[in-house]
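User: Please examine the structure below and answer a series of questions on its side-chain contacts and helix geometry.

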Amino acid sequence: MPEAKTLSRTPLYDLHVALGGRMVPFAGYELPVQYKAGIIGEHTHTRGAASLFDVSHMGQAVILGDDAVDAIEALVPGDIAGLERHHVRYTQLTNDAGGIIDDLMVTRLADGLGLVVNGARKQVDYAHLEAALAGSGCRFEPQPDRALLALQGPQAVAALRRHAGGCEKLTFMEAAAFDIGG
């Protein structure tokens, strides 16, 4: 009989359980598929107001170093050099033949680049990035202990503004740091 694979847990696992989330395997993690309101209730709430989703199973990493932009530009077709600081670009991670390995988000930071890759492919993506960046003078640093949340719905800005004043000034594909609750 095959050995059962141990599932990972996001930093918010205990909160999901405490709030009654029905946990299921997804992309190697135990994630909530629904809460007490049920899928229809949650869908309706998100479409009419706003809902917060734990997407911490996705891979978060940074590439640091003076040559981070040049190094990533050799791996993606998106224009990262032209990306303004604190802006985000959706692009694809490519192999040596130009084939697509995965899609990802790249954020231009003050001291490098922030990456978000798909959860189910993050180990493949990380291995490719580490190999491709070896010898570039850049540091590739996965951030496995960070949570990642997605706030979605027509009232998302109003909900977030209560905790992070100024967020309403952000435009599409723009990033910023906010202090929330210290």
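User: How many salt bridges does the count come to?

Analyst: This is a predicted model, in which local features need pLDDT of at least 70, side-chain atom pairs count only at pLDDT 80 or more, and totals for chains, interfaces and linings use all residues. Residues are numbered from 1 along each chain as its sequence is written, and side-chain values use heavy atoms, with hydrogens and water left out. A salt bridge requires a side-chain nitrogen of Lys or Arg within 4 Å of a carboxyl oxygen of Asp or Glu. By this rule, the number of salt bridges is two.

User: Which residue forms a salt bridge with E30?

Analyst: E30 is buried, at 17% relative accessible area (buried is under 20%, exposed over 50%, partly exposed in between, with a 1.4 Å probe and protein chains only). Its salt-bridge partner is at 2.8 Å, N to O. E30 belongs to strand β3 (residues 29-34) and the partner to strand β1 (residues 8-9), so the contact ties together parts 21 residues apart in sequence; strands are DSSP runs of E of at least two residues, and helices runs of H or I of at least four, numbered from the N terminus. The partner is R9.

User: How far apart are the closest N and O atoms of E141 and R139?

Analyst: E141 is partly exposed, with 28% relative accessibility. R139 is likewise partly exposed, at 46%. The two form a salt bridge whose closest N and O atoms are apart by 3.0 Å.

User: Which residues form the aromatic pair that the search finds?

Analyst: Rings of Phe, Tyr and Trp (its six-membered ring) pair if their centres lie within 6.5 Å; planes under 30 degrees apart count as stacked, over 60 as edge-to-face and the rest as tilted. A search of the whole structure finds one such pair. With 5.4 Å centre to centre and 70° between the planes, the pair is edge-to-face, and its members are Y126 and F140.

User: Is Y126 buried or exposed?

Analyst: Y126 lies in helix α4 and F140 in strand β9 (residues 139-142), so their pair ties together parts 14 residues apart in sequence. F140 has 14% relative accessibility and counts as buried. Y126 has a relative accessible area of 10%, and is therefore buried.

User: Within what arc do the buried residues of α4 fall?

Analyst: The buried residues of α4 are K122, D125, Y126, H128, L129 and L133. Seen down the axis, they line one face of the helix, because their arc (taken from the directions from the helix axis to the C-beta atoms) is within 165°.
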